[in-house]
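Thanks for making the time. I will take a few minutes on one model and then stop.

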Amino acid sequence: MQRRFDQLDDVWPAGLGRRLGAMLYDALLVLAIWILIAVLHVAFVRLVLGLDAELVGQGAPQRLTLQLALLVGAFVFFAFSWMRGGMTLGMQAWRLRVQTRSGHSITLHQSLVRYLVAWLSLAAFGLGYFWVLFDSERRSWPDIASGTRIVVIPKASRR
């Protein structure tokens, strides 16, 4: 079920600098997840399949299953974070939130579209993210394709 966020009148579209800062933080988290997945993959190949150390990583099936596991692992991280609270840990540090245009949390389908188009944006030398400099609503390609937007949330007021 989609959650409706509050403070919708107090948010504004995120610029490129904040987005890149959050992406750097999240890249470090994804790297840690990928290391864990790689260790588990090697352990599975060695202990369950019983392959010798010299054979680990050789052959298309091992490479493809590891690559698929890495991509799925990263998607699970992003989708869970985006659907649950609208933010990854990196986005929390930079006070960013992904939401629908109406201010709701995003769906699994929107998460998948964002994730796939994000890879396409990076493959195009980051053009999909630099697009925020030219878009009147500061949307990146993943925002446009998934019907979502990244907003800056205000600092919590101290009382």
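This is a predicted model: local features need pLDDT of at least 70, side-chain atom pairs count only at pLDDT 80 or more; totals for chains, interfaces and linings use all residues.

Start with the inside. The largest nonpolar core has 20 residues. Phe78, Trp82, Met91, Leu96, Val98 and Ile150 are the ones with the most contacts inside it. At least two residues each come from α1 (16-48), α2 (60-84), β2 and β3 (148-152). The biggest contributor is α2, with six residues.

Leu96 sits in strand β2 and is buried, because its relative accessibility is 1% and the cut-off is under 20%. Its contacts include Ala22, Met87, Met91, Ile150 and Val152. Pro13 is 83 residues away from Leu96 along the chain, yet their C-alpha atoms are 9.2 Å apart.

Arg97 is also found in strand β2. Is this arginine buried or exposed? Arg97 is buried, at a relative accessible area of 4%. Its side chain makes a polar contact with the side chain of Gln99, at 3.0 Å. Among the other residues in contact with Arg97 are Phe5, Asp6, Leu8, Arg149, Ile150 and Val151.

Val98 touches, among others, Phe5, Trp82, Met91, Ile106, Arg114 and Ile150. Two of those names, Ile106 and Arg114, come up again.

Ile106 belongs to the loop between β2 (96-100) and α4 (108-123). Ile106 is buried, with 2% relative accessible area. Beyond its sequence neighbours, Ile106 is in contact with residues including Gln2, Trp82, Met83, Val98, Arg114 and Thr148. From Ile106 to Arg149 is 43 residues along the chain, and 9.8 Å between C-alpha atoms.

Next, the charged pairs. Side chains of opposite charge can pair when their charged atoms come close. How many salt bridges are there? The count comes to four, and I will describe three of them.

The side chains of Arg19 and Asp143 form one, at 3.0 Å from N to O. Arg19 is in helix α1 and Asp143 in helix α6, so this pair ties together parts that are 124 residues apart in sequence. Arg19 is buried at 5%, and Asp143 is buried at 1%.

Asp143 also meets Arg114 in a salt bridge, at 2.6 Å from N to O. Here Asp143 in helix α6 is linked to Arg114 in helix α4, 29 residues apart. Arg114 is buried too, with a relative accessible area of 6%.

Another salt bridge is between Asp135 and Arg139, with the closest N and O atoms 3.2 Å apart. Asp135 counts as buried, because its relative accessible area is 12% and the cut-off is under 20%.

Last, the surface. Which residues form a nonpolar patch there? They are Leu20, Leu127, Phe130, Trp131, Leu133, Phe134 and Ile144, with about 670 Å² of accessible area together. Phe134 lies in the loop between α5 (127-130) and α6 (141-146). Phe134 is exposed, because its relative accessibility is 64% and the cut-off is over 50%.

Definitions and conventions. Residues are numbered from 1 along each chain as its sequence is written. Side-chain values use heavy atoms; hydrogens and water are left out. Helices (H or I, at least four residues) and strands (E, at least two) are DSSP runs, numbered from the N terminus. Buried means under 20% relative accessible area, exposed over 50%, partly exposed in between (1.4 Å probe, protein chains only). Contact means heavy atoms within 4.5 Å. Patches are made of residues with over 30% relative accessible area and no salt bridge: like charges are joined within 9 Å, nonpolar side chains (Val, Leu, Ile, Met, Phe, Trp, Tyr) within 5 Å. Accessible areas come from the Shrake-Rupley method with a 1.4 Å probe; for residues, only the protein chains shown count as cover. A polar contact is a pair of N or O atoms within 3.5 Å; within protein, one must be able to donate a hydrogen and the other to accept it, and residues adjacent in sequence count only if both atoms are side-chain atoms. A nonpolar core is a set of buried Ala, Val, Leu, Ile, Met, Phe, Trp, Tyr and Cys residues joined through side-chain atoms within 4.5 Å. Lists of a residue's contacts leave out its neighbours within four places in sequence.
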